[in-house]
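My entries follow the model.

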Amino acid sequence: MSKLAAFGGTAAVPKDQRRVDWPLIEDEDRKAVLDTLEGARLVSNSDGANPVSILEEHWARRFGFGHCVAVSTGTAALSLALAAVGVGPGDEVIVPALSFIATGLAPVHQMAVPVFADVDPVTFNLDPDDVERRITDRTAAIIPVHLHGAPADMDRITDIARRHGLAVIEDAAQAPGATHRGRPVGGIGDAGAFSLQVTKNIPTCGEGGLFVTGNAELAESVRRGRQFGEVIESGRERDYVSYGLGWNHKMNAIQAAFTDAQLTRFDAYEDARQRNVADFLARLAPLPGLRVPTALPDTTHAWHILRFRFSPAAFGLDPARPEALRSTLRRLLRAEGVPMSQYQLMPLPDQKVFVDRVGFGDGHPWSLTGTPRPAGEDHPVARAVIADSLTLQKRHLHPGSGDLLRLYADAFEKVWANADMVTTLAEAAS
């Protein structure tokens, strides 16, 4: 049995093999940026084709969306989508209790109240049964998140929405290329939002977002909304008239050109990622007390983040106290060179922005609806997932990460071979 690195043994992952760059920046990315700088079309409202409109066309064609509108961030795409479907003051929007903060903030930006529903213990996505329980006469929309790249149960969510007359805005920030029953996520509901932030599977050189839809009217509404409510058309002189409420949520041409160059390599990267992750998870799946992320039948998982759940019972520990095992495994795996992280520290409803309800002053938008504060024990699955899991991020996105993931698997197997030590340390920490 190898001695654990935390106690002086040799780490499973040598220090000189731990760094993995993401995104990969190749000569074609640099050329795309330089060509844009030498051109005259540096903003999305320039007349004729420009890097932003070209990215929109290429993204829609690659993933099969009717319309694509490039915006400044994925958060902006969510907010604009909600505005386009008419969500406004006093409305409620159902969002998952486990997600990035932007999912919960987007409704507040529209003066709507986010209503948090619990999640599925395997996919970590919205639990349709809990969604249906939380629908009221104020509910206007549902935002299913394809968290970590795993498609949500869109069949049931869209059925619920149809029966109750609700809009469905997909938060596909982490899931470009993921599919549900052969359909690309983002294009199953009324609209979808993607993020191009530098950590994403398809990145830009900074921040960026994309709104997608099959509805031409929604697409036009978002185009107006990203540019002060103006109507910008090729061949039509700009009149500087705001025809409705708008923002300045445009994407710049350099970011668009960079992403467009990255998009040309996405299929090759994705093929390698699927192979690498599948081999990695196959190594880890037999380890007792470890639940690896899973691609459900009829879905394609984009593997943006890998979340692992740990069972205290498998280590002879109190199942009601999973945090001690989680922190112990984090310490031991990181010492071996595996950069495990907790990622979310709390469910969304526990975030101070929602607990304190300062909002836009005087408690708006919550004061518009009289929404009661959620009970502390609400959302038990989301709380359990946070308590007993750790994540692996970004390194596995590199198409050449197969060798590194094999070393990570060696590290997991090494730690599990010292299960008695894991149990002793976790008991001392509890």
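Is E132 buried, partly exposed or exposed? I looked it up: E132 counts as partly exposed, at 28% relative accessibility. My cut-offs are under 20% relative accessible area for buried, over 50% for exposed, and partly exposed in between (1.4 Å probe, protein chains only).

Entry on the source. This is a predicted model, where local features need pLDDT of at least 70 and side-chain atom pairs count only at pLDDT 80 or more, while totals for chains, interfaces and linings use all residues. Residues are numbered from 1 along each chain as its sequence is written, and side-chain values use heavy atoms, with hydrogens and water left out.

Entry on salt bridges. I counted a salt bridge when a side-chain nitrogen of Lys or Arg is within 4 Å of a carboxyl oxygen of Asp or Glu. A search of the whole structure gave me 28 of them.

I went back to E132. Its side chain meets that of R163 in a salt bridge, 2.8 Å from N to O. This pair links distant parts of the chain: R163 is in helix 6 (residues 154-164) and E132 in helix 5, 31 residues apart. Helices here are DSSP runs (H or I, at least four residues), numbered from the N terminus. R163 is partly exposed too, at 48% relative accessible area.

Next I checked R133 and D130. Their closest N and O atoms are 3.2 Å apart, in a salt bridge. Both lie in helix 5 (residues 128-133), 3 residues apart, about one turn of the helix. R133 is exposed at 58%, but D130 is buried at 7%. I also found a network of salt bridges that links D130, R133, R134 and D378.

Entry on cavities. I took a cavity to be a set of points, on a 1 Å grid over the protein atoms alone, where a 1.4 Å probe fits but cannot get out; lining residues have an atom within 4 Å of a point. Grid points are joined across faces, edges and corners, and the volume is the space filled by probe spheres set on the points.

How many cavities of 30 Å³ or more does the search find? It finds 2.

Methods. Helix = DSSP H or I, 4+ residues; strand = E, 2+ residues; numbered from the N terminus. 1 Å grid on protein atoms, 1.4 Å probe; cavity = no way out; pocket = protein on both sides within 12 Å on 5 of 7 lines; lining within 4 Å.
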